[in-house]
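This report describes a protein chain for a reader who has not seen it before.

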Amino acid sequence: MSRVTADQARRIATAAQGFAGTLPRGPVTRAHLRRLVERIQVLQLDSVSVAVRAHYAPVFSRLGPYDRAVLDGAAWSHSVRAPRLLVEYWAHEAALMSVEDWPLLRWRMREYIHGRWGTEIVKNNPRLADEIVAAVAELGPSTAGQIEAHLSAEPRGRKGPVDKEMWGRSDTKWVAEALFASGVLTTAHRAGFARHYDLTERVLPAEVLARQIDDTDAVRELALRASTALGVATEADIRDYFRLRADQVKPALAWLLKAGELERVEVSGWSAPAYLRVGQAIPRTDRGTALLCPFDPLVFFRPRVERLFGFEYRIEIYTPAAKRRFGYYVWPFLLDGKLVGRVDLKADRPAGTLNVVGAFVEDHHDPARVASALGAELTAMAGWLGLGGVTVGDRGDLVGELGEALR
């Protein structure tokens with residue numbers, strides 16, 4: 001078994017995610033976006049908009065300031081000259097993925113025939129499912145509320161766990177979500193983050209829907225893509241990328257090893273063996289400087305972040321404010337391929353500023369150097385978001401140096 005040092009593993013991982021300077025920075029086109037999605041596979045969606053929606057951020061982190069309309073057009077519209085490039089599905093969590101990859105997750109759609117949650121509600125409402133499909137066929141792209149109004153259905157009480165995303169769902173919403181999970185409906189577009197459902201056959205190309213991929217082959221391909229996007233990864237890392245099960249991934253990895261697609265390696269300091277794409281180059285230097293949103297593919301699996309970077313990271317959105325260690329919506333800061341700090345960010349749109357609520361530096365890193373590089377990234381981000389400047393609050397051990405760097 002080959003050996004890889006911890007430093008090499010970190011460099012491989014950041015390069016695989018597009019932080020080694022191989023992706024062009026400049027005016028971002030659909031072609032650039034396609035190349036990026038081919039590399040990182042998914043752009044996770046999330047409802048929090050305190051700074052910017054999560055799916056926009058990884059593109060900025062890798063390609064620099066860009067027109068978000070390019071991503072919106074690729075995800076939510078279709079024309080003969082500009083066919084839809086991305087589609088939403090449960091590829092990690094809710095995420096945008098390539099339209100061409102839809103058949104790779106058809107096995108999951110069958111498993112979600114009654115949805116991901118609230119399955120008893122769905123099973124008890126088979127007629128409602130037919131009514132929703134008929135309503136969408138008549139209405140075109142519609143929110144759950146519009147569908148419910150069309151059906152003249154009253155909400156049937158609050159069901160499901162106490163959660164911001166699910167609290168107060170009507171039966172119509174539960175069943176519409178199940179139809180989305182099973183692939184009958186998909187997202188035509190989002191407006192104000194509300195999903196507008198449409199019949200999948202009216203959104204995706206017929207040739208994509210007609211393509212059949214054996215379930216075993218699909219899982220093997222997903223495992224290979226996860227391995228490639230991660231660079232070097234344990235079985236747990238690979239499982240998490242597309243939320244695969246252990247009983248799926250173990251045989252897939254065995255097959256990929258035998259086929260010569262992957263090799264097993266030992267990474268210094270890692271307790272589990274890792275997998276490396278055969279022929280993977282090992283960068284000699286640390287590269288990559290960027291702000292990373294909490295749902296960036298480089299950092300969305302927290303155990304891997306700690307193993308790769310020695311960076312303990314937890315999202316604290318649901319932690320009471322008084323108990324938060326770093327803040328509400330905290331972005332790790334990557335500097336020359338290492339996670340060296342973090343900032344709690346909020347876009348104050350009425351004031352036209354990007355507000356740094358808190359800023360923190362990791363141990364053993366020079367605060368002045370971190371602040372200087374971070375200030376440049378924050379200034380670029382503010383400009384990208386159409387904000388006039390950056391303000392710095394009073395929380396954290398980096399706010400003094402950061403304020404000085406910005407001045």
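In the hairpin of β11 and β12, 2 residues lie between the strands, and D336 takes a positive phi near 50°. Helices (H or I, at least four residues) and strands (E, at least two) are DSSP runs, numbered from the N terminus. Two strands pair if DSSP finds at least two bridges between them.

The model is predicted: local features need pLDDT of at least 70, side-chain atom pairs count only at pLDDT 80 or more, and totals for chains, interfaces and linings use all residues. Residues are numbered from 1 along each chain as its sequence is written, and side-chain values use heavy atoms, with hydrogens and water left out.

| Strand pair | Bridges | Direction | Residues facing each other |
|---|---|---|---|
| β10 and β11 | 2 | antiparallel | A290 and L334 |
| β11 and β12 | 6 | antiparallel | W331 and V343 |
| β12 and β13 | 8 | antiparallel | A347 and L354 |

β12 and β13 also form a hairpin, with 4 residues between them, and G352 in the turn has a positive phi of about 70°.

Axes are lines fitted to C-alpha atoms, for helices over the stretch in contact, and angles run from 0 to 180 degrees between N-to-C directions.

**The sheet of four strands**

Another open sheet has 4 strands in the order β1-β8-β9-β7, and its pairing is mixed. β1 (2-4) and β7 (232-234) are the edge strands, each pairing on one side only. Neighbouring strands of this sheet are turned by 45° against each other on average, direction ignored. β1 pairs with β8 (residues 262-267) in the parallel sense over 3 bridges, and R3 has E266 in β8 as its bridge partner.

Two helices pack on this sheet. Helix α1 (residues 6-16) touches β1, β7, β8 and β9 (274-277), and its direction makes about 80° with that of β1. Helix α12 (residues 215-230) touches β7, β8 and β9, with its direction at about 125° to that of β7. α1 is mostly covered, with 8 of its 11 residues buried; among them are R10, R11 and I12. Just after α1, G18 takes a positive phi of about 90°.

**Nonpolar cores**

A nonpolar core is a set of buried Ala, Val, Leu, Ile, Met, Phe, Trp, Tyr and Cys residues joined through side-chain atoms within 4.5 Å. The largest one has 112 residues, and those with the most contacts inside it include L71, L86, Y89, Y241 and W331. Leaving aside neighbours within four places in sequence, L71 is in contact with residues including L33, Y56, L86 and L96. A second, separate core of 25 residues includes V265, V299, F309 and F326.

**Aromatic rings**

The structure holds 11 aromatic pairs. Rings of Phe, Tyr and Trp (its six-membered ring) pair if their centres lie within 6.5 Å; planes under 30 degrees apart count as stacked, over 60 as edge-to-face and the rest as tilted. The rings of Y241 and F300 have centres 5.5 Å apart and planes at 55°, so this pair is tilted. The pair links distant parts of the chain, 59 residues apart: Y241 is in helix α13 (residues 235-241), and F300 is in the loop between β10 (290-291) and α15 (302-309). Both Y241 and F300 are buried.

Y89, W90, W102, W117 and F180 form one aromatic cluster. R116 lies over the face of W90, at 4.2 Å from the ring centre, and the charged end of R307 sits over the ring of W270, 4.8 Å from its centre. A charge sits over a ring if NZ of Lys or CZ of Arg is within 6 Å of the ring centre and within 35 degrees of the ring normal.

Terms used
Buried means under 20% relative accessible area, exposed over 50%, partly exposed in between (1.4 Å probe, protein chains only). Contact means heavy atoms within 4.5 Å.
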